[in-house]
Amino acid sequence: MESHVPHKQRLWLYVLTALILIFLVLPTLIVIPMSFSSANSLAFPPPGWSMRWYESFFGQEKWLLSTWVSLRVAFGTMILATTLGTAAAYGLHVGSFALRGTISSVLIAPLAIPSILLAIGMFFVYASGGLLNSMLGLVIAHTLVATPFVLITMTAGFKTYDLSQEMVARSLGASRLKAFFTITLPQLKFSVISAALLAFIVSFDEVVISVFISAGPNSTLTKVMFSTLRDDVDPTIAAVSTLMLIIATVPPLVLQLLANRKREP
């Protein structure tokens with residue numbers, strides 16, 4: 001029988017975990033009060049409070065246009081990456097072919113390759129194919145980066161699902177495709193939603209590849225932020241960062257709350 005370790009003996013672990021979380025999260029949270037600063041430059045703590053930098057964000061065309069570009073690319077990436085990643089995870093889970101491990105490794109390889117190398121490669125491929133500074137090129141590039149996250153998430157989801165339910169549906173006359181969409185997919189909806197959110201966030205936050213292959217009217221929000229940091233730094237950057245932080249954190253938290261409520265008896 002496994003002995004229970006008292007909480008007092010694990011106090012050091014709790015303290016260490018809390019310190020690590022503070023170290024990781026605090027620099028991000030500092031950006032939030034800086035976005036409400038009345039100063040003309042980035043300063044912490046703020047000398048006063050103002051909404052002027054949010055007004056600056058919503059009042060400048062470059063920010064609004066780039067935000068719209070990022071949202072469209074992120075939605076396109078979410079749809080494409082979720083579709084491809086879910087299909088790949090399903091095929092790898094139910095398949096028994098010899099190259100299954102190799103194919104899985106190839107699909108998640110973008111996670112191990114530095115973004116700068118992917119960006120350079122895509123730049124030269126896109127330059128020869130006429131995809132530079134295009135929405136289609138951005139969606140394809142971001143899908144390449146986001147699909148591994150979908151694949152990993154959906155692979156975990158399929159491992160917790162009993163495929164015998166799908167087999168029963170097929171034995172009653174349903175095709176594999178119909179059984180997948182009517183039996184399997186609805187029961188993995190939280191995994192699918194989580195994977196889709198991950199794809200959206202990965203695309204929306206991606207900067208290195210966007211710097212190389214986007215420009216002009218098709219510049220993403222992260223590309224404009226990078227250019228602004230290089231040329232003209234003001235607290236509008238903090239306001240943009242705060243808005244991106246909200247987009248990246250609130251939907252996953254809401255999803256987690258809904259999933260926890262669903263599991264409650």
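I took helices (H or I, at least four residues) and strands (E, at least two) as DSSP runs, numbered from the N terminus. This is a predicted model, so I kept local features to pLDDT of at least 70 and side-chain atom pairs to pLDDT 80 or more, while totals for chains, interfaces and linings use all residues. Residues are numbered from 1 along each chain as its sequence is written, and side-chain values use heavy atoms, with hydrogens and water left out.

Overall make-up. I read the elements off from the N terminus and got α-α-α-α-α-α-α-α-α-α-α-α. That is 12 helices and zero strands. I boxed the C-alpha atoms along the principal axes and found roughly 70 × 65 × 30 Å.

Burial. I called a residue buried under 20% relative accessible area (1.4 Å probe, protein chains only). By that cut-off, 37% of the 265 residues are buried.

Helix 6. I looked up residues 135–159, which make 25 residues. Helix 6 reaches 35 Å from first C-alpha to last, close to the 36 Å expected at 1.5 Å a residue (1.5 Å times one less than the number of residues). I also noted a kink of about 35° at Val145, shortly before Pro148; the bend is the angle between axes fitted to the seven residues ending there and the seven starting there.

Thr153. Which residues does Thr153 contact, leaving aside neighbours within four places in sequence? I listed Ser191, Ser194, Ala195 and Leu198, with contact meaning heavy atoms within 4.5 Å.

Terms used. Buried < 20%, exposed > 50% of the residue type's maximum accessible area, 1.4 Å probe, protein only.
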